[in-house]
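Please take the report below alongside the sequence and the coordinates.

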Amino acid sequence: MLQVNNLTFGYSRTKVLKEINFKVQPGENLAIIGESGSGKSTLLKLLYGEYDLKQGEIYWKDEQILGPEYNLVVGYDFMKYVTQEFDLMPFTTVEENIGKYLSNFFRKEKRIRTKELIEVVELEAFAKTKVKLLSGGQKQRVALARALALEPEILLLDEPFSHIDNFQKQGLRRNVFNYLKEKNIACVVATHDKHDVLGFADQMIVLDNSKIIVKDTPQNLYKNPQSALIASFFGEYNIIEPYGIVYANQLKIVEHSELKAIVKQSYFNGSSWLIEALFKEDIIFIQHENELDIDLDIYFTVLM
Ligand SMILES: Nc1ncnc2c1ncn2[C@@H]1O[C@H](COP(=O)(O)OP(=O)(O)OP(=O)(O)O)[C@@H](O)[C@H]1O
């Protein structure tokens, strides 16, 4: 189990993280979300042992994670970290990069394992290609596969699919997160993207103002977002009294109701339209099946 106890950290006197406590069980997927600059990457770096801690402790099972003051080489064999920079060997092939940490004494196993991982990240067509010739998204996949090559007990992922196009993102997410579950590898994922979380994370931590403001399952946080910051992660939302935070898909346009608004804009969303409307003094957003005329009077109800 990963255990973070009362961690407080700052690069300077200003604290980036304060009194952070959480646990991650083997095989568990924990998502860390928060605004840009809220300390997600810093937290991952601390979990990896990149910095020394003055306050707080981190353990994986019985082993304390310590920083460069105690370790000549940063990091631990049981843990891998995929950063936003990838850190690959550009002049060698995809296969060689993925197999870098696998022993040459077991050539057959190395070949099978490398092939399996190339399939997980769907790079079969590029196995023999030199990494410097790959796109950003392809490099990100190589970095993911390489981190998985040695079957770490825990994997730290910083925006793991940020460079990968939408055509391939969903399939790749499923491959990678299912693979981690299958191998019982714990993972901590820092992300801005709700699709990295919904359907995959067991627990979610929300960082705000240097602290964890909430830790819960994605389902519970989606249903009961508690703050605008949390709701904004999941989608377009409104604050409508006396209901509180309601998502755009919880507002339904009806023939008549007490709640009247005026249409200001319609945005095509794919499966629906997002209607921007003026309600009393505020702009609200309503999910609706059609585009609506500007300045049309509409009535809506709130589905709770
Ligand atoms: N090496 C560093 N030295 C000094 N300050 C840093 C360093 N790295 C990050 N910071 C600061 O620490 C704070 C948290 O940064 P961090 O990169 O952890 O945030 P983040 O939540 O990962 O952001 P993003 O979502 O944009 O990646 C920011 O104010 C940032 O400017």
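## Loop residues with positive phi

Glu 159 is partly exposed, because 18 other C-beta atoms lie within 10 Å of its own. The cut-offs run as follows: 20 or more other C-beta atoms within 10 Å make a residue buried, 12 or fewer make it exposed, and anything in between is partly exposed, with C-beta atoms placed from the backbone. Glu 159 sits in the loop between β7 and α5. Its phi is positive, about 45°, although Glu 159 is not a glycine. Most residues other than glycine have a negative phi, and most peptide bonds are trans.

Gln 226 has a positive phi too, about 65°, and is not a glycine. Its place is the loop between α7 (218–223) and α8 (228–234). Gln 226 has 15 other C-beta atoms within 10 Å, so it counts as partly exposed.

## Basis of the model

This is a predicted model: local features need pLDDT of at least 70 and side-chain atom pairs count only at pLDDT 80 or more, while totals for chains, interfaces and linings use all residues. Residues are numbered from 1 along each chain as its sequence is written.

## Overall layout

The protein chain has eight helices and 17 strands. Both kinds of element are DSSP runs numbered from the N terminus: helices are H or I with at least four residues, strands are E with at least two. The C-alpha atoms fill a box of roughly 75 × 45 × 30 Å along the principal axes. Of the 304 residues, 34% are buried. Among contacts with a separation of 6 or more, 61% join residues 24 or more positions apart. A contact here means C-beta atoms, placed from the backbone, within 7 Å.

The domain assignment gives domain 1 (2–223) and domain 2 (236–302). Such bounds come from an automatic or database assignment. The C-alpha centres of domain 1 and domain 2 lie 39 Å apart.

Which residues surround the ligand? They are Tyr 11, Val 16, Gly 34, Ser 36, Gly 37, Ser 38, Gly 39, Lys 40, Ser 41, Thr 42 and Ala 190. The criterion is a C-beta atom, placed from the backbone, within 6 Å of the molecule. By class, the shell has three nonpolar, seven polar and one charged residues. Ala, Val, Leu, Ile, Met, Phe, Trp, Tyr, Cys and Pro count as nonpolar; Asp, Glu, Lys and Arg count as charged; the others, Gly among them, count as polar.

Helix α1 (residues 40–48) supplies the largest share of this shell, three residues. α1 is mostly covered, with seven of its nine residues buried. Those seven are Lys 40, Thr 42, Leu 43, Leu 44, Leu 46, Leu 47 and Tyr 48.

## An open antiparallel sheet

Four strands form an open sheet in the order β2-β1-β4-β5, with antiparallel pairing. β2 (17–24) and β5 (63–64) stand at the edges with a single partner strand each, so one side of each has no neighbour in the sheet. Pairing requires at least two DSSP bridges between the strands. Strand β1 (residues 2–9) and strand β4 (residues 55–60) pair over five bridges. Gln 3 stands opposite Tyr 59 in β4.

How many residues of α4 are buried? The count is 11 of its 14 residues. Among them are Val 142, Ala 143, Leu 144 and Ala 145, along with Arg 141 and Arg 146. The buried residues pack against β6 (79–82), α2 (94–98), α3 (107–120), β7 (154–158) and α5 (166–182).

Helix α4 (residues 136–149) should span 20 Å at 1.5 Å a residue, and its end C-alpha atoms are 20 Å apart, so the two agree. The expected span is 1.5 Å times one less than the number of residues. Glu 151 follows α4 and has a positive phi, near 45°.

Ser 135 lies in the loop between α3 and α4. Ser 135 counts as exposed because it has 12 C-beta neighbours inside 10 Å. Ser 135 and Ser 103 are 32 residues apart in sequence and 28 Å apart in space, C-alpha to C-alpha.

## A cis peptide bond

The peptide bond from Glu 241 to Pro 242 is cis, with omega near 5°. Pro 242 lies in the loop between β11 (237–240) and β12 (244–247).

Technical notes:
Contact = placed C-beta atoms within 7 Å.
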